[in-house]
Amino acid sequence: LHEIDLARAVILAAEKQTAGEVFNIADDKPASATEFVSAMAKSLDLPAPTPLTAPPFLLPMLTSDAQRELLNLSVRMKHDQAKESLGWTPRYSNFQSGIDQVLMVWRAEMVAV
């Protein structure tokens with residue numbers, strides 16, 4: 001989710017949210033952290049990172065219970081309620097369009113320096 005989309009959703013929720021109502025805020029295309037990092041690397045003309053792996057018997061020695069639980073966690077969100085109740089839609093519908101916008105700003109700032 002792009003920071004601009006999140007900020008807009010928070011403002012709309014502060015203005016329109018019914019007390020006790022909870023909204024999920026996400027872009028339109030779910031992506032894993034691995035997909036995001038790989039896309040960012042590709043956009044920067046860097047090699048995609050190699051996922052870290054370890055034999056299963058080593059994981060308990062290298063990670064805590066909480067870390068293993070987080071590594072296995074999958075969260076899928078629907079933002080239909082935010083779209084309907086708040087009139088919110090993400091400006092950047094997927095992470096790739098957000099990456100493209102961020103890199104455009106970064107490159108413009110580098111030229112200005």
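**Exercise 1. Find the residues that Ala13 touches, leaving aside those up to four places away in sequence.**

Step 1. Contact here means heavy atoms within 4.5 Å. With residues up to four places away in sequence not counted, Ala13 touches Phe23 and Leu86.

Step 2. A word on the model before going on: it is predicted, so local features need pLDDT of at least 70 and side-chain atom pairs count only at pLDDT 80 or more, while totals for chains, interfaces and linings use all residues. Residues are numbered from 1 along each chain as its sequence is written, and side-chain values use heavy atoms, with hydrogens and water left out.

**Exercise 2. Locate the salt bridge and say which parts of the chain the pair ties together.**

Step 1. A salt bridge is a side-chain nitrogen of Lys or Arg within 4 Å of a carboxyl oxygen of Asp or Glu. By this rule the count comes to one.

Step 2. The partners are Lys83 and Asp28, whose closest N and O atoms are 3.3 Å apart. Lys83 lies in helix α5 (residues 80–86) and Asp28 in the loop between α1 (3–16) and α2 (33–43), so the pair ties together parts that are 55 residues apart in sequence.

**Exercise 3. Which rings form the one aromatic pair of the whole structure, and how are they arranged?**

Step 1. Rings of Phe, Tyr and Trp (its six-membered ring) pair if their centres lie within 6.5 Å; planes under 30 degrees apart count as stacked, over 60 as edge-to-face and the rest as tilted. A search of the whole structure finds one such pair.

Step 2. The rings belong to Phe36 and Phe95; their centres are 6.1 Å apart and their planes stand at 65°, so the pair is edge-to-face. Because Phe36 lies in helix α2 and Phe95 in helix α6, the pair ties together parts that are 59 residues apart in sequence.

Step 3. Phe36 is partly exposed at 38% relative accessibility, whereas Phe95 is buried at 13%. Phe95 touches Asp27, Lys29, Ala31, Glu35, Phe36 and Ala39, if residues up to four places away in sequence are not counted. The C-alpha atoms of Phe95 and Asp27 are 7.5 Å apart, although 68 residues separate the two along the chain.

**Exercise 4. List the buried residues of α2, then describe the residue Asp45 that follows this helix.**

Step 1. The buried residues of α2 are Ala39, Met40, Ala41 and Ser43. Helix α6 is included in what covers them.

Step 2. Asp45 is found in the loop between α2 and α3. Its phi is positive, about 60°, although Asp45 is not a glycine. With 71% relative accessibility, Asp45 counts as exposed.

**Exercise 5. Is Gln101 buried or exposed, and which residues does Gln101 touch?**

Step 1. Gln101 is found in helix α6. Its relative accessible area is 17%, so Gln101 is buried.

Step 2. Not counting residues up to four places away in sequence, Gln101 touches His2 and Tyr92.

**Exercise 6. Place Leu59 in the chain and give its C-alpha separation from Trp106.**

Step 1. Leu59 is found in helix α3 (residues 59–62), and is partly exposed at 32% relative accessibility.

Step 2. The C-alpha atoms of Leu59 and Trp106 are separated by 38 Å, with the two residues 47 apart along the chain. Neighbours within four places in sequence aside, Leu59 is in contact with Ala54 and Arg68.

Note on methods:
Helices (H or I, at least four residues) and strands (E, at least two) are DSSP runs, numbered from the N terminus. Buried means under 20% relative accessible area, exposed over 50%, partly exposed in between (1.4 Å probe, protein chains only).
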